[in-house]
Amino acid sequence: MRTKPITSTIGLLALGLPVCLSFGATPSNSSASAKPLNFLFILADDMGWNQTGYSGSTFYETPNIDRIAREGIRFTNAYAASPICTPSRAGIMTGRYPGRIHLTEYIPGDPYPWAKLLPPSEEKMLPLAEETIAEMLKPKGYVSAMIGKWHLGKDYNYTPGRPGEPASQGFDYEHLTVKPEDNSNPNQDAHHTVEITNEAVKFLEANRDKPFFCYVAHNAVHRPIMEHPDLIYKYQVKPDSDLAINNPIMGAMIERMDTGIGVLLKKLDELGLTENTVVVFFSDNGGYDKLQAQDPLRGGKSMLYEGGIRVPLVIRWPGVVKPGSVSSVPVIGCDFFPTFAGLAGVTSFNHAVDGVSLIPLLKEGRAPAREALFWHYPHYHRFNYRPSGAIRVGDYKLIEWYERSMTDGSHPVSLYNIKEDIGETKDLADQMPDLARQLWTRLKQWRKDVGAQDMTVNPDFDPTRALFWNPKVNPDRADALGQYN
């Protein structure tokens with residue numbers, strides 16, 4: 001954890017793409033148009049799609065996140081670029097699919113040498129050749145801050161000036177934090193939520209007269225979950241606190257983070273920056289389903305079911321986005337890079353960008369001209385499900401199970417109609433074989449097109465030694481050896 005100001009030198013398928021929008025006439029933004037827009041990007045860690053008030057929860061209290069939704073637009077089909085943190089954050093920072101970057105696993109990752117498949121070799125940090133949002137904005141005069149959890153460097157031991165830290169990727173100001181240890185004191189801001197907020201306030205005050213990109217990346221609600229006992233008690237005595245979709249400790253953690261978000265929104269008001277600042281709230285991936293069910297979504301973090309990748313997203317752009325707008329257009333974390341670029345007047349990038357600009361959607365409700373969304377997770381994770389890839393086109397999502405597809409196993413893919421079956425309870429692969437084949441072919445071709453790395457069959461596979469996948473040795477993982485669908 002440190003604070004250090006730094007001066008840096010540096011073919012549509014006709015499958016019914018869902019477009020359900022609630023927009024009115026586009027308001028004018030003449031008062032702010034003379035100045036460059038600022039960007040305040042707030043990222044939660046492992047926060048579930050169903051853990052906000054605006055999404056319908058009566059248990060979790062998120063009045064300030066709800067304020068952003070009320071004063072802007074909320075997305076009901078927003079996706080992380082990965083079901084886990086590091087690759088998702090890489091997608092946000094670069095606008096590129098993690099598979100293209102070869103950064104598809106969290107840092108440092110977990111080795112499973114006796115599993116059925118071996119993962120590809122991985123980048124051990126965000127490659128310096130990649131262009132980040134901060135680097136992209138710098139020629140336009142933006143000052144950028146990275147405050148909170150970076151998780152794109154070599155490890156958690158942040159070192160000033162070391163390649164891989166935010167300063168080497170275009171950020172002018174960095175204040176980095178890490179999640180707490182299991183034995184941390186919950187009475188002392190264990191997840192650094194208050195600290196992160198205070199540092200962001202300092203940055204806003206110091207850079208009120210400059211165009212800025214302020215990236216506020218919280219550690220909440222990542223494990224280990226802990227908060228002040230008094231705040232936890234508030235949620236323990238609430239109705240339905242015992243339901244699987246509710247977790248009192250997470251409720252307390254989310255409230256603490258939401259309160260900090262309120263502080264930042266108030267500071268924008270006080271500094272006269274509200275009308276000229278685009279505010280985004282997003283989560284890096286879905287929630288851990290063993291701590292809090294993601295209902296009505298299936299699964300959770302580390303899975304390519306909706307519970308692992310569908311996340312909360314709200315955006316406020318005063319004077320342009322009609323307050324209270326709602327969009328069901330599928331969007332993904334890679335879209336922020338080209339969106340911010342367009343808003344800042346950047347017209348060219350150092351590398352191919354996979355995301356698309358959301359400006360037409362934000363201004364006029366027009367869906368991006370995009371045919372599909374893709375995911376690639378060629379790894380075993382320490383909990384939950386198997387290596388997989390996915391594609392979503394229109395209302396349909398196909399998941400490829402790499403253990404089966406690479407070893408001639410039966411039922412290598414699953415197919416779901418996400419609109420009609422949000423919980424992914426009905427596998428349609430056998431009922432719609434032509435569509436399943438078409439989407440699977442397209443998914444495999446996408447991996448080739450972006451140069452994504454595949455897994456390989458492990459010649460040393462030994463189910464008796466692969467403890468992670470052996471329920472006889474590791475009963476806690478028996479759930480992960482259940483049916484794919």
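Figure 1. The model is a predicted one, in which local features need pLDDT of at least 70 and side-chain atom pairs count only at pLDDT 80 or more, while totals for chains, interfaces and linings use all residues. Residues are numbered from 1 along each chain as its sequence is written, and side-chain values use heavy atoms, with hydrogens and water left out. Cys214 is likewise buried because its relative accessibility is 0%. With a disulfide taken as a pair of cysteine sulfur atoms within 2.5 Å, the count is zero.

Figure 2. Strand β9 covers residues 212–217, and six of its six residues are buried, so the strand is largely enclosed by the rest of the structure. In a regular strand, side chains alternate between the two faces of the sheet. On one side of β9 lie Phe212, Cys214 and Val216, and on the other Phe213, Tyr215 and Ala217; these residues are all buried, which leaves both faces covered. Strands (E, at least two residues) and helices (H or I, at least four) are DSSP runs numbered from the N terminus; the protein has 18 strands and twelve helices.

**Figure 3. Partners of β9.** Strands pair if DSSP finds at least two bridges between them. Strand β3 (residues 38–44) runs parallel to β9 and is joined to it by five bridges; Leu43 has Ala217 as its bridge partner. Strand β7 (residues 143–148) is also parallel to β9, with six bridges, and Ser144 stands opposite Phe213.

**Figure 4. The largest pocket.** A pocket is an open set of points on a 1 Å grid over the protein atoms alone, with protein on both sides within 12 Å along at least five of seven lines; lining residues have an atom within 4 Å of a point. The largest pocket has a volume of about 290 Å³, the space filled by probe spheres set on the points. Its lining comprises 19 residues, with Glu105, Pro108, Gly109, Asp110 and Lys124 nearest the centre.

**Figure 5. Lys154 and Lys124.** Lys154 is found in the loop between β7 and β8 (173–176). Its relative accessible area is 42%, so Lys154 is partly exposed. Lys154 and Lys124 are 30 residues apart in sequence, and their C-alpha atoms are 5.9 Å apart.

Key:
Buried means under 20% relative accessible area, exposed over 50%, partly exposed in between (1.4 Å probe, protein chains only). On a 1 Å grid over the protein atoms alone, a cavity is a set of points where a 1.4 Å probe fits but cannot get out, and a pocket is an open set with protein on both sides within 12 Å along at least five of seven lines; lining residues have an atom within 4 Å of a point.
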